[in-house]
Amino acid sequence: MTYAEFFAEIKSKFMEADVSDISEHLAYQFNITGEASGIFYIEVKEGELHVEPYEYYDRDAMFTCSANTLRKLADNKLDPIMAVTLQKLKVEGNIDKALRLKELIDSHK
């Protein structure tokens, strides 16, 4: 799978999230390693969700994982905390805001 194919798949999954209850600004960068490697970001700003294939320099948190791990997270088949514990997901930055990723995953319509 190419990065473009993976990004299209993961973007469609995240765009299903209901962010209407999130009032604060959240910005996450994802660094995908291995197959389909690349970088993209997710931002919640003023009640809107944006998923774009670029680096985000003013991010709250940065996640590094494989495409397979992120797919499992997005499908709610792997808990983000468990992924960190199993060393399948590396997190840098504001941990409080990073923990809110689970809200995005759980809010899929």
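Before counting anything, I noted that helices (H or I, at least four residues) and strands (E, at least two) are DSSP runs, numbered from the N terminus. On that basis I found five helices and five strands in the chain.

**Ground rules.** I am looking at a predicted model, in which local features need pLDDT of at least 70 and side-chain atom pairs count only at pLDDT 80 or more, while totals for chains, interfaces and linings use all residues. I number residues from 1 along each chain as its sequence is written, and my side-chain values use heavy atoms, with hydrogens and water left out.

**Overall layout.** I read the order of elements from the N terminus as α-β-β-β-β-α-α-β-α-α. I then checked the radius of gyration, taken over C-alpha atoms, against the globule rule of 2.2 Å times the number of residues to the power 0.38. For 109 residues a compact globule would come near 13 Å, and the chain agrees because its own value is 13 Å. The C-alpha trace spans about 35 × 30 × 30 Å along its principal axes.

Next I looked at burial, where buried means under 20% relative accessible area, exposed over 50%, and partly exposed in between (1.4 Å probe, protein chains only). Buried residues account for 42% of the 109. For surface I used the Shrake-Rupley method with a 1.4 Å probe; for residues, only the protein chains shown count as cover. The accessible surface is about 5,900 Å², and carbon and sulfur atoms own 49% of that.

I also took contacts, meaning heavy atoms within 4.5 Å. Of those between residues at least 6 apart in sequence, 69% join residues at least 24 apart.

**Strands.** I call two strands paired if DSSP finds at least two bridges between them. I started with β1 (residues 26–33), where seven of the eight residues are buried. β1 runs antiparallel to β2, with seven bridges joining them, and A27 has E43 in β2 as its bridge partner. On β4 (residues 61–66) I found six bridges to β1, this time parallel; here N31 is partnered by T64.

I followed β2 (residues 38–45) onward to β3, which it pairs with in the antiparallel sense over five bridges. K45 stands opposite E48 there. Two residues separate β2 and β3 in a hairpin, and E46 in the turn has a positive phi of about 55 degrees. β3 (residues 48–52) has two faces: L49 and V51 are covered, whereas E48, H50 and E52 make up the uncovered one.

**The β1–β2 turn.** This is a hairpin with four residues between the strands, and G34 in the turn shows a positive phi of about 75 degrees. A36 sits in the loop between β1 and β2 too, and its phi is positive at about 65 degrees although A36 is not a glycine. I looked up its cover as well: A36 is buried, at 7% relative accessible area.

**Another positive phi.** N76 is a residue other than glycine with phi near 60 degrees. I placed N76 in the loop between α2 (67–74) and α3 (80–85). N76 is partly exposed, with a relative accessible area of 43%.

**A lysine to check.** Is K13 buried or exposed? It lies in helix α1 (residues 3–14), and I count K13 as buried because its relative accessible area is 16%. Leaving aside neighbours within four places in sequence, K13 is in contact with R71, A74, D75 and H108.
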